[in-house]
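Trainee: I would like to learn to read a structure feature by feature. Please start wherever you like.

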Amino acid sequence: MSESKLPVVRLQDVHKSFGDNEVLKGISLEVNKGEVVAIIGASGGGKSTLLRCATLLEEFDRGSLSYGDVQVAQDVDGHAQYGGKKVIGAAKEKFGLVFQNFNLFPHYTVLKNVMDAPICVQKRDKQEVEKEARAILARMGLEGKEDLVPCELSGGQQQRVAIARALCMNPTILFFDEPTSALDPELTQEVLRVIRFLASEHMTMVIVTHEMGFARDVADRIIFMDGGVIVEEGPAEELITNPKHERTRAFLSKLGD
């Protein structure tokens, strides 16, 4: 099978425990090119841990993970066996991650925040990266902000810089972990507009979110997680308006209270 036909990311039967607490209990997930997947669920259901495992911030205990034709980890006799440094490096080239608290370098300008990783990690030409970074910042509505430092920006602007930084690495997939949870409603809309724009450009994305209206409108597919398992998944509109599982119905009804 050619790489273009492979899922952008595939996790199979992933288990992750912290001490005696099993947080992921056999999660399997595939995301295809151009697909937008939203992950919803109550706090403590395992959503952020799943993202951290997918983006190699945590190692899972059992299961397998691949990005296209890069086999990052495979299950060997009930234990996850990760590839070496070269494999991990190749996997990290494939994805970008946007955190809920921005994680910008406070003493770097906006432009340097966006340019730093492509130059230092990918060893790309500085002039080429700067041209690309300025173009991406303009697409994010941040033209004229290049020489400011993060504390001079609003929260919404900082999150848009974080998205620009991820995009400048030219990933095949972007992961968002509650990208608006640190923002007030007005700034939330700023960031959601940018993600809608990326969806319209067919950027492959996985978004952990508590914004149900946004998930319904932007995602192709929604996954509802609870208690470390995927309880239900399906087309976004269908899952929100007509959930089939009692736990999904209970979760969505609480949001409407």
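Mentor: Let us start with Asp77, which counts as exposed at 74% relative accessibility. Buried means under 20% relative accessible area, exposed over 50%, and partly exposed in between, using a 1.4 Å probe and protein chains only. Bear in mind that this is a predicted model, where local features need pLDDT of at least 70 and side-chain atom pairs count only at pLDDT 80 or more, while totals for chains, interfaces and linings use all residues. Residues are numbered from 1 along each chain as its sequence is written, and side-chain values use heavy atoms, with hydrogens and water left out.

Trainee: Where does Asp77 sit?

Mentor: In the loop between strand S5 (70-76) and strand S6 (79-82). Helices (H or I, at least four residues) and strands (E, at least two) are DSSP runs, numbered from the N terminus. The backbone of Asp77 deserves a look too: its phi is positive, near 55°, in a residue other than glycine.

Trainee: Which value does phi take at Glu178, and is that residue buried or exposed?

Mentor: Phi of Glu178 is near 45°, again positive in a residue other than glycine. Glu178 is in the loop between strand S8 (173-177) and helix H6 (185-200). However, Glu178 is buried, because its relative accessible area is 13%. For another exposed loop residue, take Gly19, at 69%, in the loop between strand S1 (9-18) and strand S2 (21-31).

Trainee: How should I read strands that lie side by side?

Mentor: Two strands pair if DSSP finds at least two bridges between them. Strand S10 (residues 221-226) has a parallel pairing with strand S3 (residues 36-40), over four bridges. S10 also runs antiparallel to strand S11 (residues 229-235), joined by six bridges. Two partners to find on screen are Val37, bridged to Arg221 in S10, and Phe224, which stands opposite Glu232 in S11. Two residues lie between the strands in the hairpin of S10 and S11, where Gly227 takes a positive phi near 60°.

Trainee: How many residues of S10 are buried?

Mentor: Five of its six, so S10 is mostly covered. Arg221 counts as buried because its relative accessibility is 16%.

Trainee: What lies around the buried Arg221?

Mentor: Contact means heavy atoms within 4.5 Å. Setting aside residues up to four places away in sequence, Arg221 touches a group that includes Leu29, Glu30, Val31, Val37, Glu233 and Pro235. A polar contact is a pair of N or O atoms within 3.5 Å; within protein, one must be able to donate a hydrogen and the other to accept it, and residues adjacent in sequence count only if both atoms are side-chain atoms. Here a polar atom of the Arg221 side chain lies 2.6 Å from the backbone oxygen of Glu30.

Trainee: How many cavities of 30 Å³ or more does the structure hold?

Mentor: One. The largest cavity has about 30 Å³ of space, and its lining includes Val36, Ala38, Phe214 and Val218. S3 and helix H7 (212-218) are the elements giving two or more residues to that lining, and H7 gives the most, with three. By class, the cavity lining is seven nonpolar, one polar and no charged.

Terms used: 1 Å grid on protein atoms, 1.4 Å probe; cavity = no way out; pocket = protein on both sides within 12 Å on 5 of 7 lines; lining within 4 Å. Points joined across faces, edges and corners; volume = space filled by probe spheres on them. Nonpolar A, V, L, I, M, F, W, Y, C, P; charged D, E, K, R; others polar.
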